[in-house]
Amino acid sequence: MDEQRIEALRERTARLQAELRALAEEAGGFPAVAKNAARIEASLAMIRINLGLDPESPARP
Amino acid sequence: MTRESPYWNPYLETLPLERLRRAQLARFRRLVAWAWDNSPYYRGLYERAGLEPGDIATWEDVRRVPAVDKGMLKQAQEQEPFPYGSRLCVPLEQVAEFRQTSGTTGTPVYQADTWRDWEWWAEAWSYILWSQGYRPRDRVFIPFGYNIFVAFWAGHYACEKIGCEVVPGGVLDTAARVRKIQELRATAMMGTPTYMLGMARVARDRLGIDPAGLSIERITCAGEPGASIPSTKRRMEQAWGAKVFDHAGATEIGAWSYECAEQPGGMHVNEALFLVEIEDLATGEAIEEPGRKGKMIITALDRQAQPCIRFDSKDIIEWAEDPCPCGRSFRLIKGGVQGRADDITKVKGVLLAPSAIEEVVRGFQALGDEYEVVVERIGDSERITLKVELAPGAEGAREEVLGRLKDELRLKTNLGYVIEAHPPGALPRYEVKARRFKDLRPKHG
């Protein structure tokens, strides 16, 4: 598969992850937002794994 | 419109193997570091072996990491925190799911999963189902109450992820399940080979319904090796008029292997999510080349709550010679899981794998689906009794069938058998996993 396309997907995923973490932080004390954000983060971790990335850290393996 | 990919992950499933292997090594190192930082059990294990995560740089180093087996997992489970023990890598508040092993070999192993782990389980199953042709148009019937066991739960969630419509068929009895399949025109199903064959029997004999005339197009099997045993697979395919696919998984590990739509006579190892090593049974030497059987040591590379690092699964596998025509770079294991190191037993001085008997018995159309093997010590010698059922209408050919069966068994297993033929329906029926091999010899002496 085209590496450039993969890289573009990885970058977009990184932006989403940063946004999601900011959302989770701002949602402290608001369970309905924080818990749903945590679920989305788990799904995002799967996208990262499927793009060959470490699910947690921004570093490439 | 973008064309739909035949691969769940068109990137990793076709990535050259050497790049996949590089990524595996990096992720294995990261997993060991995670376990070192968060699990007293793993830290102690590695300290005793004189190993730190930073020491792992090569495949040789990977092999120096101590393997764990089920007995060790049970010991770790006796420690705090209750009920998972010192292998747990996350605070209990982050555990979202409890599952356990079936406990067929003693105390069950409890498995903790975070929500991310649970997404990962569904992900692993999505690779399987997508490769076997499951698509959003499918209506998938799962004829089990999933209970505390993981496999069909994960299959259920993967169906949802893919977009299939999933029908949980627990609680209903077998006849009601057959009727529900008929009523809803379900297109796919999951189950153990034993149950798939039993369900077909109930449809035919009790309900007068030919299961091959129902709408099932594909069946994914779990829990027993039958779908990789050609004669058992053939029986299921004929009974249901459907393609039957195998997959392999374990509660401690995940769903690590699958047969793709090409059905090349083996299963792909999901090398995006798992690291599979094969070790020689006698020497422990790593086996990299095709054609040599050994036992599998496996690591799920991304599990968070209770990672299982270099798990000695006792499964006997071998790498296949040729790549699969499906185009996946994930390697194939020939003939699926060929047995378990602790199932292979010596009878009359000959190594015997129970799956070899199943392959022979299920190859006889004149025999029913059920059989039972009993190994006994009689005085100084050992005796294997094989109990089979003659299929309805086969009584007239009894002597000829049993004679051929005896010859075929001797040819395939190098052993002689006492054959007992029983009428249809006489042998025990099993709902989920069958126990057809009974070794009654005294353990010692």
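Hi everyone. Let me start with a term we'll need: a residue counts as buried if 20 or more other C-beta atoms lie within 10 Å of its own, as exposed if 12 or fewer do, and as partly exposed in between. Please also keep in mind that this is a predicted model.

Is it buried or exposed, or partly exposed? B:Thr174 has 19 other C-beta atoms within 10 Å, so it comes out as partly exposed. This threonine belongs to helix H7 of chain B, which covers residues 174-184. If we set aside neighbours within four places in sequence, B:Thr174 is in contact with B:Gly198, B:Met199 and B:Val202. Take B:Gly198, one of these: it sits 24 residues away along the chain, and the two C-alpha atoms are separated by 8.7 Å.

Now let's step back to chain B as a whole. It contains 11 helices and 21 strands. How does its radius of gyration agree with that of a compact globule? For 445 residues, a compact globule would have a value near 22 Å, and chain B has 22 Å, so the two agree. Its C-alpha atoms fill a box of roughly 70 × 65 × 45 Å along the principal axes. Buried residues make up 46% of the chain. Looking at contacts with a separation of 6 or more, 69% of them join residues 24 or more positions apart.

Next, a sheet in chain B. Four strands, in the order E8-E9-E10-E14, form an open sheet with antiparallel pairing. Which strands are at the edges? They are E8 (247-250) and E14 (332-334), each of which pairs on one side only. From one strand to the next, the twist averages 35°. Inside the sheet, E9 (residues 254-258) and E10 (residues 266-269) pair in the antiparallel sense over two bridges. If you want a spot to look at, find B:Ser257, which stands opposite B:Val269 in E10(B). Helix H5 of chain B, residues 115-131, lies across E8 and E9 and runs at about 20° to E9(B).

Finally, let's turn to chain A and its helix H1, residues 3-26. At 1.5 Å a residue, its 24 residues should span 34 Å, and the end C-alpha atoms are 35 Å apart, which agrees. How many of the residues of H1(A) are buried? The number is one, so this helix lies largely in the open.

Methods: Residues numbered from 1 in each chain as written. Chains lettered and ligands numbered in written order. Predicted model: local features only at pLDDT ≥ 70, side-chain atom pairs only at ≥ 80, totals over all residues. Expected span 1.5 Å × (residues − 1). Rg over C-alpha atoms; globule rule 2.2 N^0.38 Å. Contact = placed C-beta atoms within 7 Å. Pairing = 2+ DSSP bridges. Axes fitted to C-alpha atoms, helices over the stretch in contact; angles between N-to-C directions.
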